[in-house]
Amino acid sequence: MLQKVAFTLVPIKDAARARAFYEDTLGLTRGSHHEDGTWTEYDLPGGGCLALFRSDDLQPSNTAGSTVAFEVDDLDALNATLKSQGVTYAQDMIHSPVCRMSVIVDSEGNGLLLHELKAKP
């Protein structure tokens with residue numbers, strides 16, 4: 001039976017460029033990795049693992065496949081910071097009854113969702 005999500009794989013083409021985006025722009029700390037950039041893991045503070053995988057077979061996309069959703073404390077502040085750093089947005093702000101979301105595009109062309117829960121009434 002399924003127990004948990006062990007990691008979420010994100011396909012990349014340029015390891016140095018992708019590592020710079022995830023580490024310098026998003027502030028993640030590199031964990032287990034291959035020096036050649038084929039595999040790079042980022043353990044997330046609240047649990048879970050994001051893994052970058054360099055491959056000629058898998059193509060980055062912001063319109064197909066699954067999307068990683070990162071929970072954030074202050075979406076407005078994060079969006080302001082990321083926009084000032086030139087990060088591309090696929091969707092600036094999406095509102096739902098329980099949350100607000102923005103969709104950014106990483107250095108490789110993958111869509112990433114930034115998610116903030118609304119305060120409960």
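Is R17 buried, partly exposed or exposed? R17 is partly exposed, with a relative accessible area of 39%. The model described here is predicted. It holds five salt bridges, an open sheet of three strands and a hairpin that joins β5 to β6.

**Salt bridge between E108 and R17**

- The side chains of R17 and E108 meet in a salt bridge, with an N to O distance of 2.7 Å.
- R17 belongs to helix α1 (residues 15–25) and E108 to the loop between β6 and β7 (111–117), so this pair ties together parts that are 91 residues apart in sequence.

- D76 and R100 form a salt bridge in which the closest N and O atoms are 3.1 Å apart.
- Because D76 lies in helix α2 (residues 75–84) and R100 in strand β6, the pair ties together parts that are 24 residues apart in sequence.
- D76 counts as partly exposed, at 45% relative accessibility, while R100 is buried, with a relative accessible area of 15%.
- A network of salt bridges links D76 and R100 with E116.

**Salt bridge between E23 and R30**

- E23 and R30 also form a salt bridge, and their closest N and O atoms are 2.8 Å apart.
- R30 counts as partly exposed, at 32% relative accessibility.

**The three-stranded sheet**

- The strand order in this open sheet is β1-β3-β2, and the pairing is mixed.
- β1 (8–12) and β2 (39–43) stand at the edges with a single partner strand each, so one side of each has no neighbour in the sheet.
- On average, neighbouring strands of this sheet are turned by 20° against each other, direction ignored.
- Strand β3 (residues 49–54) pairs with β2 in the antiparallel sense over five bridges.
- Within this pairing, T40 has L52 in β3 as its bridge partner.

- Strand β5 (residues 88–95) runs antiparallel to strand β6 (residues 99–105), and the two pair over five bridges.
- T88 stands opposite V105 in β6.
- Strand β6 also carries R100, the partner of D76 from helix α2.

Conventions. Residues numbered from 1 in each chain as written. Predicted model: local features only at pLDDT ≥ 70, side-chain atom pairs only at ≥ 80, totals over all residues. Heavy atoms only, no water. Pairing = 2+ DSSP bridges. Helix = DSSP H or I, 4+ residues; strand = E, 2+ residues; numbered from the N terminus. Salt bridge = Lys/Arg side-chain N within 4 Å of Asp/Glu carboxyl O. Buried < 20%, exposed > 50% of the residue type's maximum accessible area, 1.4 Å probe, protein only. Axes fitted to C-alpha atoms, helices over the stretch in contact; angles between N-to-C directions.
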